Amino acid sequence: GSGKTTLLNVIATIDEVSSGHIYLNGKDLTEINKKEIGRFRRENLGFIFQFHQLLPEFTALENVMIPALIDTKLNKIQLRSKAKELLELVELGHRIDHKPLELSGGEKQRVAIARALINDPNIILADEPTGNLDLETSETISELFKKINEEKQQTIVIVTHSSELAELTQDKYKIEKGNLKKI
């Protein structure tokens with residue numbers, strides 16, 4: 001109720017702001033049209049949701065590939081290879097042909113993380129990525145975020161209630177009475 005998800009949605013240009021401006025990579029997102037916003041999202045942002053949002057009729061590999069199918073510069077063979085590499089990164093290389101119903105909650109979330117990385121975004125936005133997972137799986141996902149941040153130099157903005165996940169981050173902010181404050 002403090003506005004954490006709204007903050008992510010505003011950064012992601014999913015929600016419009018009623019006043020002020022949003023600058024990302026030097027671009028004022030409040031000044032670009034809907035078509036440009038869609039392209040900006042695809043090229044600059046990766047999304048990880050609390051509920052993984054995987055499409056049940058597709059395999060793990062296909063779910064990872066979907067965001068890049070819209071306007072990728074890679075051919076299908078290159079895209080498939082990149083998706084496999086990302087599934088290996090999240091330790092799911094052995095599950096590429098499994099559909100979401102055949103995966104555990106933690107595996108589904110790792111597929112969602114690989115999917116968020118497929119377009120090489122500048123920023124990954126993660127909304128309660130460990131919120132529905134048990135403690136052990138949450139720790140695995142937390143360590144995966146740390147690994148991705150270190151190995152890929154990937155910026156990850158995480159909204160979380162988990163103090164354990166928050167402790168792994170370089171910078172911490174808190175929303176108090178509608179204000180974002182560094183802690």
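Q: What makes the pairing of Arg-95 and Glu-107 a salt bridge?
A: In this predicted model, the side chains of Arg-95 and Glu-107 approach to 3.2 Å, taken from N to O. A salt bridge requires a side-chain nitrogen of Lys or Arg within 4 Å of a carboxyl oxygen of Asp or Glu. The value of 3.2 Å lies within the limit of 4 Å, and therefore the pair qualifies. Arg-95 belongs to the loop between α4 and α5, whereas Glu-107 belongs to helix α5, and the two are 12 residues apart. Both residues are buried.

Q: Why is the contact between Lys-182 and Asp-171 called a salt bridge?
A: The side chains of Lys-182 and Asp-171 meet at 3.2 Å, N to O. Because the cut-off is 4 Å, this pair counts as a salt bridge. Lys-182 is in strand β7 and Asp-171 is in the loop between α7 and β6, so the pair ties together parts that are 11 residues apart in sequence.

Q: Why is Lys-182 called exposed, and why is Asp-171 called partly exposed?
A: Lys-182 has a relative accessibility of 53%. Exposed means over 50%, and Lys-182 is therefore exposed. Asp-171 has a relative accessible area of 44%.

Q: Is Lys-82 buried or exposed, and how do you know?
A: The relative accessibility of Lys-82 is 18%. Buried means under 20%, so Lys-82 counts as buried. Its partner Asp-120 has a relative accessibility of 48% and counts as partly exposed.

Q: Which residues form the negative surface patch, and what makes them negative?
A: The patch is formed by Asp-134, Glu-136, Glu-139, Glu-143, Glu-150, Glu-151, Glu-164 and Glu-167. Helices α6 and α7 each give two or more residues to the patch. The largest share, 5 residues, comes from α6.

Q: Why is Glu-136 called exposed?
A: Glu-136 is found in helix α6 and has a relative accessibility of 63%. Since exposed means over 50%, Glu-136 is exposed.

Q: Why is Asp-127 called buried, and which residues is it in contact with?
A: Asp-127, in strand β4, has a relative accessible area of 16%. This value falls under the 20% limit, so Asp-127 is buried. Leaving aside neighbours within four places in sequence, Asp-127 is in contact with Thr-5, Leu-8, Ile-48, Phe-49, Gln-50 and Val-159.

Q: What makes Val-17 partly exposed?
A: Val-17 is found in the loop between α1 and β1, and its relative accessible area is 28%. Because buried means under 20% and exposed over 50%, Val-17 is partly exposed. Apart from neighbours within four places in sequence, Val-17 is in contact with Val-10, Ile-22 and Thr-30. The C-alpha atoms of Val-17 and Leu-29 are separated by 10.0 Å, and these residues are 12 residues apart along the chain.

Conventions:
Residues numbered from 1 in each chain as written. Predicted model: local features only at pLDDT ≥ 70, side-chain atom pairs only at ≥ 80, totals over all residues. Heavy atoms only, no water. Patch = residues over 30% accessible without salt bridge, like charges linked within 9 Å, V, L, I, M, F, W, Y side chains within 5 Å. Areas by Shrake-Rupley, 256 points an atom, 1.4 Å probe, with all protein chains shown as cover. Lys, Arg positive; Asp, Glu negative; His and termini not counted. Charge placed at Lys NZ, Arg CZ, Asp CG, Glu CD. Helix = DSSP H or I, 4+ residues; strand = E, 2+ residues; numbered from the N terminus. Buried < 20%, exposed > 50% of the residue type's maximum accessible area, 1.4 Å probe, protein only. Contact = heavy atoms within 4.5 Å.
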